[in-house]
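Please examine the sequence and structure below before reading on.

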Amino acid sequence: MMKRKLNFSGRRSEAPAAETTTSSSAPASGAVEWEVRPGGMLVQKRGESNCRDFATPNLRIRVVYGAALYQISANSQSTFGELKKLLTAETGLQPAEQRLLFRGKERENGDYLDTCGVKDRSKVILIDDPESKERRMVEMRRKAKIETIQRLIDDVSTEIDSLAEQINVIEKSIANGKRVAELQITTLIEMLMRQAVKLDSIAAVDGDACANKDSQGNRVQKCVEKLDVLKVLNAKQKVPPSVVTTTWEIFEPSPTPTQWELFD
């Protein structure tokens, strides 16, 4: 039993009680934190220091995805969200597109493998998230449409390049003083207008495709304007005089006819 001492002023000393309180509160800074697992077991809450104190085992988890079977190696203290990241490299599905089932229950990304009872060679079922799958299909169709539109624009661009080369040849001929058949210029204008009609029929929805379509439309317009100028210049070219030459044909004299003699 602890006896209280009297100080010189006649008051009782409370020093021992204070010391006792300090000593009891000292280990509070190193207090252990606890957590309750789904099964009702009270365990020490995991933390970085606890993870560094001992090496956690790796688990070989069998993941069933449709008719395919994958074996994934993961740390026992990993989460199902981290397991989804490992499955992305195997299946091509993004983590948001995956749903993992273990023991008939879908597991959240923050659930730990060992906490949920996942052991070595445990089986986990992977299924596609319906909403994510639908979004992926919509995105694939959108990309396919953009690629088709871009391919059509590229075909028109290739045709315009070929026609532009022919225009350059006509321009050089007129610059050298040679007259070009007007039918050639008219034909090129018609072919360019056909490409303009093709561009108008392409429904570009993507920003890059729209810009490319407008660019090719401007090229067609410039080529047609250039041909109109060349058509005027070509009409001013002098027609070279036609030279008429007379060619005489020499015929050989007809041979002497053969005389036939009649016999009775």
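Leaving aside neighbours within four places in sequence, which residues is Ile167 in contact with? In this predicted model, Ile167 touches Leu188, Leu192, Cys223, Lys226, Leu227 and Leu230 once those neighbours are set aside.

Ile167 is also among the residues with the most contacts inside the largest nonpolar core, a set of 23 residues; the others named with it are Ile170, Leu192, Val220 and Leu227. Helix 4 (130-175), helix 5 (182-201) and helix 6 (207-236) each supply at least two residues of this core. Helix 4 makes the greatest contribution, with 8 residues. In soluble globular proteins, nonpolar side chains tend to be buried together.

| Residue | Relative accessibility | Class |
|---|---|---|
| Cys210 | 28% | partly exposed |
| Cys223 | 12% | buried |

Cys223 counts as buried because its relative accessibility of 12% falls under the 20% cut-off. Cys210, at 28%, lies between the 20% and 50% limits and is therefore partly exposed. The number of disulfides comes to 0, a disulfide being a pair of cysteine sulfur atoms within 2.5 Å.

As to annotation, an unreviewed UniProt entry lists residues 146-173 as "coiled-coil region". In the model this span is 100% helix and 0% strand, and its end C-alpha atoms are 41 Å apart.

Note on methods. Residues numbered from 1 in each chain as written. Predicted model: local features only at pLDDT ≥ 70, side-chain atom pairs only at ≥ 80, totals over all residues. Heavy atoms only, no water. UniProt positions renumbered as here; feature names shortened; annotations may be inferred. Helix = DSSP H or I, 4+ residues; strand = E, 2+ residues; numbered from the N terminus. Buried < 20%, exposed > 50% of the residue type's maximum accessible area, 1.4 Å probe, protein only. Core = buried A, V, L, I, M, F, W, Y, C linked by side-chain atoms within 4.5 Å. Contact = heavy atoms within 4.5 Å.
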